[in-house]
Amino acid sequence: MNVRTSPDAAAGPQSAAVRVAVFEPRPLVAGGLAAVLSADPEIHVIGATSSIDDALGMVAEAGTQAIVFGVPDDSAELCRDLAARFAAAAGGRPLGLIGVVSAGRDVADLLSSGLLAVVTTSVAPDVLRETVMGVVRGEESPLQLSLIHSRTTHVPSAKGDQTSVLTAREREVLRAIGNGLSTKEIAAELGITVNTARTHAQRLMSKLSVHSRLQAAALAADDTAHSILGEREGL
Amino acid sequence: MPHMSGPRIDAAVVCHSERLIAAAVAALLEERQVVRSTATTSSLTRLLSCLHRGVDVAVVFDGVDEDVSELFEAIRHGGLDTPVLLVSPVIDAGLVAQALEAGAAGMLPSSCSPELLCRSVIEARMGNAVVPTDIRAAVLEALRALRLRRHAARHRLSLLSGVDAHVLQALSDGLTVTEIARQMSLSPHTIRSHVRTLSDKLDVRGQLRIAAVGRSLIAAARCAE
């Protein structure tokens with residue numbers, strides 16, 4: 001998907017506006033971020049794309065002052081690589097690199113990625129617009145630490161809150177309890193001794209502050225329901 | 001100034017804890033003149049209040065944190081029949097069938113194009129189901145399987161007496177025999193005898209197993225007709 005505005009849209013009243021490209025793997029989000037940015041008359045979105053080649057092409061165009069792009073969730077390396085490719089495409093011309101980061105993602109590892117600003121997806125749309133303008137005007141510090149801070153304090157932890165305190169092994173045992181397995185059966189299934197299985201069960205019950213296996217089993221069922229739609233992985 | 005022609009759909013867009021994404025999807029719908037006005041929110045609770053205010057369509061982007069059937073139960077309890085379109089990062093026939101069963105208007109992958117989302121919002125507004133064409137046959141098959149499982153589950157639950165069913169529900173919720181006895185003002189012996197009946201009727205041994213079977217039966221039997 002590649003949305004380009006017609007050439008004449010760039011002329012006229014908008015010609016003085018800041019020229020920004022948008023790159024996001026999900027076309028809906030790419031188009032959406034472009035629409036959010038376009039709400040500011042001082043910002044002219046030259047295009048929104050989900051193709052990296054198109055994005056590099058837009059950055060290479062003379063006059064492009066900034067690129068807003070979705071930061072890959074799992075890899076800082078990938079982000080650093082993207083930032084380097086955009087900078088190279090700009091060919092030494094100043095380019096504002098603004099990363100849009102998932103609300104739950106740890107941003108500490110992006111500090112040396114070459115980004116000029118990071119905006120998390122938990123912010124209001126005007127924060128994105130202000131950040132873009134700030135970066136282009138050279139007002140931004142190397143990374144917006146205030147935003148990093150807001151991310152660590154505001155974002156609620158992801159799904160399965162209650163069971164997130166458990167170790168992976170305890171979670172396996174909890175799942176088995178939810179399926180109605182006895183301690184002996186759990187031990188056999190996980191290849192551990194009955195005593196170990198019992199210890200896991202006791203520890204997870206005290207961590208979850210439940211006083212019976214039945215209650216733990218009900219919690220395990222809730223946890224499974226939580227992951228029906230919210231999870232990206234494991235399906 | 002509101003225009004009298006052109007877009008005519010009031011939509012609410014929600015994206016869990018991702019306000020910017022919700023706003024982006026809403027801005028996209030507005031820009032394409034599909035919707036007249038959008039309310040964006042990052043919480044499902046606020047989505048419900050939007051629905052009460054009378055939006056025409058709701059778009060839930062990138063999955064929901066809570067159990068999807070709970071969302072739709074809340075919608076039904078409020079006497080609402082607003083079409084809700086789910087946009088999910090992972091999508092397969094089973095998930096789409098579950099969502100449709102729960103009462104969703106449909107489901108799209110979050111990798112879909114803006115054009116497809118716009119068209120789907122309009123379809124949902126007209127009361128049509130939205131299912132990606134490439135998995136339509138598989139969704140129908142999954143729906144049929146869900147329905148069969150529901151009939152079977154309802155049949156097995158219908159064989160239980162009222163008190164048996166209550167005890168099964170309580171065990172499934174994680175209550176112990178003592179707690180159930182206290183709750184129902186009966187003696188623990190009576191409850192234990194009901195547990196034995198359940199054990200016979202459901203053909204499983206042990207309270208934990210009964211609870212596990214109970215949960216799956218109750219889940220399968222749920223859903224409005």
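**A colleague's note on the A–B pair**

1. The side chains of Arg209(B) and Glu185(A) meet in a salt bridge, at 2.5 Å from N to O; the term asks for a side-chain nitrogen of Lys or Arg within 4 Å of a carboxyl oxygen of Asp or Glu. The count of such bridges between chain B and chain A is one.

2. A word on the basis: this is a predicted model, in which local features need pLDDT of at least 70 and side-chain atom pairs count only at pLDDT 80 or more, while totals for chains, interfaces and linings use all residues. Residues are numbered from 1 along each chain as its sequence is written, chains are lettered from A in the order in which they are written, and side-chain values use heavy atoms, with hydrogens and water left out.

3. Now the interface as a whole. In contact (heavy atoms within 4.5 Å) are 46 residues of chain B and 47 residues of chain A. Together the two chains bury about 3,700 Å², 66% of it on carbon and sulfur atoms; this is the accessible area (1.4 Å probe) lost on putting the two parts together, summed over both.

4. Eight residue pairs across the interface of chain B and chain A are in polar contact, both residues at pLDDT 80 or more. The rule wants a pair of N or O atoms within 3.5 Å, one able to donate a hydrogen and the other to accept it, and residues adjacent in sequence count only if both atoms are side-chain atoms. On the side of chain B that touches chain A, the elements that each supply at least two residues include α1 (19–31), α5 (114–125) and α10 (207–221). The most comes from α1(B), with nine residues. Helices here are DSSP runs (H or I, at least four residues), as are strands (E, at least two), numbered from the N terminus.

5. Glu18(B) deserves a look: it sits in the loop between β1 (9–15) and α1 of chain B. Glu18(B) is buried, at a relative accessible area of 10%; buried means under 20%, exposed over 50% and partly exposed in between (1.4 Å probe, protein chains only). Leaving aside neighbours within four places in sequence, its contacts include Ser102(A), Thr121(A) and Asp62(B).

6. Leu48(B), in helix α2 (residues 44–53) of chain B, counts as partly exposed at 21% relative accessibility. Not counting residues up to four places away in sequence, Leu48(B) touches Ala74(B) and Ile75(B).

7. Finally, in helix α3 (residues 52–60) of chain A, the buried residues are Ala55(A), Leu56(A), Met58(A) and Val59(A). Seen down the axis of α3(A), they fall within an arc of 160°, so they line one face of the helix; the arc is that of the directions from the helix axis to the C-beta atoms.
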